[in-house]
Amino acid sequence: MNRFAWVTPSTIEEAVGALEPGALVKAGGIDLMDLLKEGLIAPQRLVNLRAVEGLDRIEEKDEGLHVGPLVTLARLAANPIVQGRYRALADAAGHAATPQIRNVATVGGNLLQRPRCWYFRSEAFVCKKKGGGRCYAHGGENAYHAIMNNKTCAAVHPSATATALLALGAKLRIAGPTDAREVPLETFFVAPEVDVMRENALGAGEIITEIVIPYPPSEAGSAYLKQGEKESFDWPLAEVAVLLERDGNRCKRAIIVLGAAGPVPVRARTAEAALADKVIDDATARAAAKAAVQGATPLEQNAYKVTIFEAIVRRTILAARGNTA
Amino acid sequence: MADENGKVAVQTGLVFPGGSSLSEVERAVPSDEPPPWPLNAELSVVGKPFPRLDGPLKVTGAATYTADVRLPGMLHARVIRSPHPHARVKNIDVTAAERHPAARAVHVLEHMRGGAKLRDPKQETPSKFPIVRYVGQPIAAIAAATPADAEEVMRLVKVDYEVLPFVVDLEEARKPDAPRVFPGATEQPATAGGGGAVPNVPQQGNVRGPTKTGPLGPPRGDVEKGFEEAEITVENTFRTAVQTHSALETHGVVADWKPEVLTVYASTQGTSTVRDELAEVFGLPKGKIRVVTEFMGGGFGSKFGIGNFGVLAVHLSKKASAPVRLMLDRKEEHVNGGNRPSSVQRLRVGAKKDGSLTAIHLTSWGTGGTATGAGAGNVAKNMYACPNILIEESDVFTNAGPAAAFRAPGHPQGAFALEQVIDELAEKLGMDPLALRDKIDIDEDLGGRNVDSAARRMERKIGSQKFDWARRKPAGSDRGPVKRGLGVAQSIWYRFIDLDASCEVRLLRDGTVEVLSAVQDIGTGIRTALAQVVAEELGLQPKDITVRVGDTAFPAGVPSGGSRTTGSITPAARNAAHEVRRRFLADVAASMGARPEALSLKGGKVLLGDDGGRGIPFRSAAAKLKTEQITASRSRAHDYGGFAPGRPGMNMGIGGFGGVQFAEVTVDTETGIIKVERVVAVHDCGRPINPLALESQINGGILQGISYALYENRVLDRRAGVQLNPNFEQYKVLGAREVPAIEVLLLEEYQGRSSTDAGGIGEPATVPTAAALANAVYNATGVRMTELPMTPARVLTALAAARKGAQ
Ligand SMILES: Cc1cc2nc3c(=O)[nH]c(=O)nc-3n(C[C@H](O)[C@H](O)[C@H](O)COP(=O)(O)OP(=O)(O)OC[C@H]3O[C@@H](n4cnc5c(N)ncnc54)[C@H](O)[C@@H]3O)c2cc1C
């Protein structure tokens, strides 16, 4: 770990101003510490967001839910409004990491954390993500790697909240050196084929200032399920978030997002289409689940993840049906 | 010491929940030892559950572990480690490191301790520095003022490597043309810190073996003939993964070299073995070395020696003339802290139609990296009655960190194979697995193993009632995607005793009672057990006793390995307390106007004959001592009736310890997830001293066993030789949500072998768990899991293969 300066701004403007080249934002610091310890980053300055006013609110307004980036995963999971109308998000936040981590980790940091691929995280391998020439997971130890979109880089996107927020149609508000902007989460993530060195489109010197989730339509419900090898202290082998909009028994619209499947969260559009206008029951959920994993391209050691995804997609669809208001 | 042995009648046998089966035997008890205790039911503090005395210190953080030791002027050390799995070190340049203003000492390692060595060192081109044989092998170390400085200085040491071909994959390493980890045959001599392999074993390439004579004896009978006599034969191949010890506290020391005395605070399972190894390495008389382990955060077998890191720390302290702290971080701990070797076991068992076994043949190989120790045959050799047994075990060297003893070396692996084959045999014979085991229990003496088998039989009986084994359904008969199954497996362990086990007991005039021993409490609760034993003898409560352990300045203590601590050290404590009691009563008898024989100690009082319990308080009686203190130091005698014959130097007692574990699991056949719902564990370990601590040990053994069965797996990259999961994030250890309902039933097993008749539990508690789970998974699904860990990937693959086979 290198020596660095520590700044604690109290406004967004100050924070943005403090983000000179070589500086990094620190929220909960969970991922930042890991990256520092492994020597993957060496910032000259850390800009601690903890004292910035107004970044840790959860408020529901007419158009939807406003979540500050500094809201911890624990608060998000325990919030009754989130548990009600934004259930997938509460369950995603509540099942990430461990209770201790959730008490510190923020939703902003969770969205922006780097992948946990063990080749990327080990200083012994200079993979594509670190400017090297190859993906070591290809032909290597890849039991926990991507089963989709894994040709360039096989790391999976690590964020549980990204999976849920994408299903809920969230937008990010971003402040930076130039004007503030708003980005739908849908277009925020960057595929490795576009730029393998990053996972999202946050620019240098930019800060997420708010996450906005649209108020769900009537007769809608969402769910999130995570399947890890174990329940405590573990990452998902598969995680799925589903938003169902219903018209009586029928599915009017479905959004199905797979986390831990590809380098960025994956919208399972064929599965969504398979469900549209159907009565949601075990058979249609099963068919949609099959469609969700149709194009999977598993590596040598992770074909089992395809089987698990199929089961979890089906179970999440049925859970979302159960959660419908 | 008196050598006349008086014959004494002792009650032996079993006391179990709801009954007992006891008989009387005669034992020769040394005349300076107290008469045998009656059964636990008649004692006041021994055999009763006591929370550990140091519990509050531990949970409040007040306990000082090695990592917490802070000495004035203490420096911080870091180790420079090889990034290459196999290399020749050409040059080490320390000039830049030495020039750093915060650097205080640099030391380059001259010799590698631990692991195998070339039988003939001349087979390797001479090298100024030890040859690197695994990623993470220590090369040198530096000391600096602060941890941050140490990290900077460490990065300034420049090492030039000539990289050599390497192999980390077990099956690759077995091939004749595989890169050689060692260019010739090897030996692994034992050091004061342990280890040691059978010498003069043939070696072909990386394969050392097979050995047919393990430490517990030669083959039995003739397996060929045994298989000819068999009416049914079961055969399968089982694989287990490398497991790292993953103790909560990593290896580490604070070394303080002074001209008069070298003091080393060490996280160790053996204060005395660390001292002895330091004496060996630094040529110091043992009297000039003091090793201290006040509190210790677990070792599971990996912490007996000083280790290369410890040697480096002592050199640094000597060079810098200052105390040096060197604790491994988690990554170093995984790659260089020891591990349980992997195994591949081809096991074949032949039987008659009535279930009696005719032959057992095990061929096994496994890798402990650069060390030996991959044998897995003791379970197959010792568990059941069979006239023909052949075990052929080989070590396969790979370019990976050296193995170390790990909680019942070889046994969880061996049980995983044997207990599944027995389960399969039972099914093929149409017998209940418990009924088959009743049939193949050992009834020949064989060094007391019949007694052991009798305990197992009782354990099966009371365990199956508690568990309601009768509800077990045929394998794979559950409908629906989530299937439930029940399984059972047995444990076997041995009675190891260490005669270098001594205690001093002191009684002071103010009533203070102290017990002192170099023995260390590695987390098992020996502090509390010693207090109970001394309290029992003096009619006090455990809290009245001050226990000082973990310091070689005290009388010799037993290293905590082989589950021998309680069985070895508690008799020494009782013997010493008994002598103090004798002299105490002699002193106070005069002032009470009584004969010493008429006095007794009970309930915190000195009682005179049958005076209705009035007596005088212990403290008031102590005030009458003629001298400021009475002190007695006593050791462990040989087992009454001697040790098992034919095993010289092992101090292996007659009979052993073990247990039976019943497991209930569910298997989600859509995700491959196994969930352990319930474990009923029935164990014996001689006379229980503190049933509460015993239960903790059994809980821990089961949890470590579940973790081994379902999650733990050291993953190395085959192309770089680097461990990919040297952390607790991707090296998966079970957590709170994976803990099943555990019910522990204890048998009291009286053998009349020592003044406390206590045994050990740490190891037997973890031996059968993985096997019991695997049998339960089979019962749930009808599919046998032959490879550990039983991950969703493996479960789904096995289920898919079975479906395909059925079509
Ligand atoms: C053992 C373990 C298990 C875990 N399991 C899971 C899991 O199952 N699912 C899961 O989703 N996560 C898991 N995590 C990850 C954990 O949830 C994240 O590391 C954490 O949420 C990061 O949040 P933080 O506030 O600590 O971020 P930080 O570490 O402070 O920041 C992370 C990154 O985001 C940037 N950043 C943070 N906030 C902002 C902002 N407002 N604007 C701009 N940039 C910002 C930082 O510069 C940094 O690059 C696990 C972590 C561990 C250690």
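**Notebook: chain B domains and cysteines**

I looked up the area first: domain 1 and domain 2 of chain B bury about 1400 Å² between them, 54% of it on carbon and sulfur atoms (buried area being the accessible area, 1.4 Å probe, that two parts lose on being put together, summed over both). Ile497(B), Ile689(B) and Ser755(B) supply 37% of what domain 1 of chain B buries against domain 2 of chain B, more than any other three residues.

The model is predicted: local features need pLDDT of at least 70, side-chain atom pairs count only at pLDDT 80 or more, and totals for chains, interfaces and linings use all residues. Residues are numbered from 1 along each chain as its sequence is written, chains are lettered from A in the order written, and side-chain values use heavy atoms, without hydrogens and water.

I took the bounds from an automatic or database assignment: domain 1 of chain B is 410-417 + 426-497 + 639-708 + 737-807, and domain 2 is 498-635. I find 19 residues from each of the two domains in the contact (heavy atoms within 4.5 Å). Their C-alpha centres lie 37 Å apart.

I searched this interface for salt bridges (a side-chain nitrogen of Lys or Arg within 4 Å of a carboxyl oxygen of Asp or Glu) and found zero.

I then searched all chains for disulfides (cysteine sulfur atoms within 2.5 Å) and found zero. For Cys135(A), the nearest cysteine sulfur is that of Cys153(A), 5.5 Å away. Cys135(A) is buried at 12% relative accessibility (buried: under 20% relative accessible area, 1.4 Å probe, protein chains only). Cys386(B) is also buried, at 2%.

Technical notes: Buried < 20%, exposed > 50% of the residue type's maximum accessible area, 1.4 Å probe, protein only.
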